[in-house]
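Please keep the sequence and the structure in view while reading.

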Amino acid sequence: MTIKSIFRRAADSTSNAQAFISEKLDDLSITSSPPLQEKDPNFGTAPIIKTLYPGKGSSEGCYNWVETPPKQLKEKTARAYDRVAIKIYKIRDPDRDTIAGRSPLKTHAIDIQSPLLVAALKPIVEEVGFYLDENDVAKFAEPFKPLFFCYDKILALREQVSRDVVFKEHLELLTQLMTDLFGDMRKKLRSLRQSKLINFSLAWTYFPKGATLFANSGDCERLFRVLDTAYVCDADGKRLELMCERMVFTGMTFDWKNAVLSIPAFGGNRPITDLPNYPLEFHADVQGLKKRLTVRGKKVLDYQGLEYREYTGTGVDDKCKKYNVTGRVLVDFHGYAKHHLGLQRIEKPSKKGDTSTSEEGAYIKPLSDTEQQANKTAMLKRSKDLIFMSPMLSGFAMKDKVWLKFYVDDIKPLQWNDEAYDHLVYPEAQKDLVLTFVENHQRTKAGLDDVIVGKGQGLVSLLSGPPGTGKTLLAEAVADRTRRPLYYLHAEELGTKADALGEKVKKVFEMATEWNAVILLDEADVFMAERSYADIARNELVSIFLRELEYFKGIIFLTTNLSSTIDLAFRSRVNIHLFFSPLSFPYRTQLWRKFLDRLLLESETENPAAASTAPGFRRLETAEIEQLAAWELNGREIKNAVKTARSWCLCKGYQISAERVESAIQVTAPMAKRIGEVEGS
């Protein structure tokens, strides 16, 4: 066979295959598109109801519907069942072993059909949060909590009723049933409670609705009010969950808020007080605990608004991460909700009888003094609820710059540092000018508004000069003297990414304005540097900062060591510019005297004579002070030298002297030089 004949045969085969495929596709197009059948004109016209029932092979969500109904009770039998006063449903008990093919049973559910019993039980079980309809069957499921917790009151019905024979018969049936259900359990519980023990399977019996629960968390003592209990088994293990409530501040009033506690599963019996949560009645000092928590609850009433305080203790964030906090904090519920949780609106509490709903809700805003006092007065009238008050207060840690929950017991009144202003070495007239502007900022800013409403209402102070000359101290001293919070920031905390800078600056400015705080932005050179064509990224940072500063309505101090590089547009927005020169000899003399005199005050005595005789402390003579002032040091270096000399003298029992302080200078500032002549002499 030649090559030409092979190719000819292949071509013929391909042609035949294509023809075959085309023919089959035509057949498919004809068979797959049957003509539409017209709807039966009699569809749904017969006046008949057709009932279908699940047939064999049916399961939940997947049914095989048939016309034959399942086997039913005879009507006579059904009526007989409906006439009984009580129906009991029993199932196999999985917690007990099957012996000789016989499986123990347990009561699974109880239906009380007697209208007389339902009517009598209705007011009793309502006390434990179980509500019945007198015209319906009372259904109780295992473990029959309403019947167990109301056991004694139900039995007491036998002594109260003497006229209705039928009711007596029905009540006798119920009491006999309850005795069978709870008789042995109650005996075991009496023994356990007398021994102050608890069994996990019976733990729910210790927590009826309304019981007071002590939470032994270790961080602080807390009490909760029990609402319900439930056994849960999931990926976290088996446990008894305790649905509780405690008293909290909602931003508008003090109200109950739900909480879920738990008791992990355990085997055998255990001392009740070993559990993380247990009934208050088993606490060793119930009355003492209630007294302490009442006092603590009254403290919480004083923190409904913005409060600037001192704090030493643990702070907890919303993810339960703990922080060691030492320093000043702002207790600010509304700021926490607005700036941290991001909640701009809260739901208005509806008044009794008011069925209308608010479409807008209410904006989060601080309460007035009158509203706070009204809340406090109302809570003091509910003195029994004060023990349930949550000890956690929302706020902002000024040093850590993080929103946290603080323990009210660790919050202390703030000690303002008025000495810092007096300790500051700077011309008195300029110090007073800055202080006056800050003190009267709220009063003066309204009269000096910009042509554009909202612009130029802030007080911008620029503090420039070499390190250690008092720039930071001035801002801190003025903030304390004017009784304002100080929000201290380093430039790197705002970042250098233009896309995020605007939002960060805006947030800081907004919070500081709400707090009436003084902002200190240290080493702000990157945001004030002169713009140039060579660095577009930095130009963007300066422009963003200038834009936000233009609309800032608060008080801000900016410090820089490079005043010569400040952008001209920035200079025009500065209200006060103070330049701090290197310390001259007279100023160094003042600083040495101030720092060394403080050593006498730290000896914890008000008698200067006694303080001067304390080991390691004495007042240096003027000549010795001038000897130290001859060293060309800045304020920070002088402070470090004094601290080092103090520690050295205390440890060794030395008497402080100029020579020992000079030794401290040589190890804290080894590059410092000592001038040979007194300046200005």
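## Charges over rings

The charged end of which residue sits over the ring of tyrosine 336? In this predicted model, that residue is lysine 405, whose charged end is 4.9 Å from the ring centre. Tyrosine 654 has the charged end of arginine 660 over its ring, 4.4 Å from the centre.

Strands of a sheet pair through backbone hydrogen bonds, either parallel or antiparallel. Here 5 strands form an open sheet with antiparallel pairing, in the order S10-S9-S8-S7-S12. Strand S10 (254–264) and strand S12 (277–279) are at the edges and have a single partner strand each, so one side of each is left without a neighbour in the sheet. On average, neighbouring strands of this sheet are turned by 40° against each other, direction ignored.

Strand S9 (residues 237–249) is joined to S10 by 11 bridges. Phenylalanine 249 stands opposite phenylalanine 254 in S10. Helix H7 (residues 286–300) lies across strands S7, S8 and S10, and runs at about 100° to S8.

## Aromatic pairs

The count of aromatic pairs is 27. One of them joins phenylalanine 130 and phenylalanine 140: the ring centres are 5.1 Å apart and the planes are at 25°, under the 30 degrees limit, so the pair is stacked. Phenylalanine 130 is partly exposed, at 25% relative accessible area, whereas phenylalanine 140 is buried, at 3%.

The rings of tyrosine 426 and phenylalanine 580 have centres 4.5 Å apart and planes at 35°, so this pair is tilted. These two residues are 154 residues apart in the chain. Tyrosine 426 is buried, at 11% relative accessible area, and phenylalanine 580 is buried, at 1%.

Note on methods
Residues numbered from 1 in each chain as written. Predicted model: local features only at pLDDT ≥ 70, side-chain atom pairs only at ≥ 80, totals over all residues. Heavy atoms only, no water. Pairing = 2+ DSSP bridges. Helix = DSSP H or I, 4+ residues; strand = E, 2+ residues; numbered from the N terminus. Axes fitted to C-alpha atoms, helices over the stretch in contact; angles between N-to-C directions. Contact = heavy atoms within 4.5 Å. Phe/Tyr/Trp six-rings, centres within 6.5 Å; stacked < 30°, edge-to-face > 60°. Buried < 20%, exposed > 50% of the residue type's maximum accessible area, 1.4 Å probe, protein only. Lys NZ or Arg CZ within 6 Å of the ring centre and 35° of its normal.
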